[in-house]
Amino acid sequence: MKLFKSIIVTTILLASTSFAKVNINTANVDELSALKGIGEVKAEAIIKYRTEHGEFKSIEELTNIKGIGDSTVNKIKADIKLKGETDLSDVGQ
């Protein structure tokens with residue numbers, strides 16, 4: 001019975017998780033540019049910031065980059081992550 005409950009909980013968690021995410025700590029310019037409101041210039045600024053300051057510790061840290069404010073972060077929050085591989089299959093949907 002414990003195994004069955006564990007399988008159910010895992011299934012529910014996976015079903016509620018979006019798998020399309022851009023890892024802002026590893027993404028290249030093209031991958032970052034796929035995000036709504038992030039063009040090539042902002043993508044390059046993200047990479048420059050990451051190079052100078054190390055990996056992002058939080059998504060909100062993006063607001064330290066000139067031209068990226070709270071509203072931009074709120075728009076892309078569902079499509080970005082800090083760990084794992086980038087998957088562009090559902091970004092922006």
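These legends walk through several close-up views of a predicted model.

**View 1**
Let's begin with the confidence scores. The protein has a mean pLDDT of 83, and 74% of its residues reach 70 or more. Which elements sit at the two ends of the scale? Helix α1 (residues 2-15) has the lowest mean pLDDT among the elements, at 50, while α3 has the highest, at 97. Over residues 9-19 the pLDDT is below 50, and beyond near neighbours in sequence this stretch makes three contacts in the model.

How many salt bridges does a search of the whole structure find? The search finds three, and this view shows the one between K48 and E52. Their closest N and O atoms are 4.0 Å apart. Both residues belong to helix α3 (residues 40-53), where they are four residues apart, about one turn of the helix. K48 counts as exposed because its relative accessibility is 51%. E52 is exposed too, with a relative accessible area of 53%.

**View 1. K83 and E55 bring together separate parts of the chain.**
Here the side chains of K83 and E55 meet in a salt bridge, at 3.7 Å from N to O. K83 lies in the segment after β2 (80-81) and E55 in the loop between α3 and α4 (70-76), so the pair ties together parts that are 28 residues apart in sequence. Are these two residues buried or exposed? K83 is exposed, with a relative accessible area of 61%, and E55 is partly exposed, at 41%.

**View 2. E60 meets K77.**
In this view, a salt bridge joins the side chains of E60 and K77, with 2.9 Å from N to O. The partners come from distant parts of the chain, 17 residues apart: E60 is in the loop between α3 and α4, and K77 is in the loop between α4 and β2. E60 is partly exposed, with a relative accessible area of 41%. K77 is also partly exposed, with a value of 33%.

**View 3. R50, a buried charge.**
Now return to helix α3, where R50 is found. R50 is buried yet has no salt bridge. Where is the nearest side chain of opposite charge? That side chain belongs to E31, and it is 7.3 Å away. Leaving out residues up to four places away in sequence, R50 touches I24, N25, T26, A27, E55 and F56.

**View 4. The largest nonpolar core.**
This core has 17 residues, and those with the most contacts inside it are L32, I38, I46, L62 and I80. The elements giving two or more residues to the core are α3 and α4, and the largest share, three residues, comes from α3. Take a look around L32: setting aside neighbours within four places in sequence, L32 is in contact with V22, I24, A27, I38, A43, I46 and I47.

**View 5. K75 and L35.**
K75 has its place in helix α4. This lysine is exposed, with a relative accessible area of 51%. How far from K75 is L35, in sequence and in space? The two are 40 residues apart in sequence and 9.0 Å apart in space, C-alpha to C-alpha.

Conventions. Residues are numbered from 1 along each chain as its sequence is written. This is a predicted model: local features need pLDDT of at least 70, side-chain atom pairs count only at pLDDT 80 or more; totals for chains, interfaces and linings use all residues. Side-chain values use heavy atoms; hydrogens and water are left out. Buried means under 20% relative accessible area, exposed over 50%, partly exposed in between (1.4 Å probe, protein chains only). A nonpolar core is a set of buried Ala, Val, Leu, Ile, Met, Phe, Trp, Tyr and Cys residues joined through side-chain atoms within 4.5 Å. Contact means heavy atoms within 4.5 Å. pLDDT is the predictor's confidence in each residue, from 0 to 100. Lys and Arg count as positive and Asp and Glu as negative; His and the chain ends are not counted.
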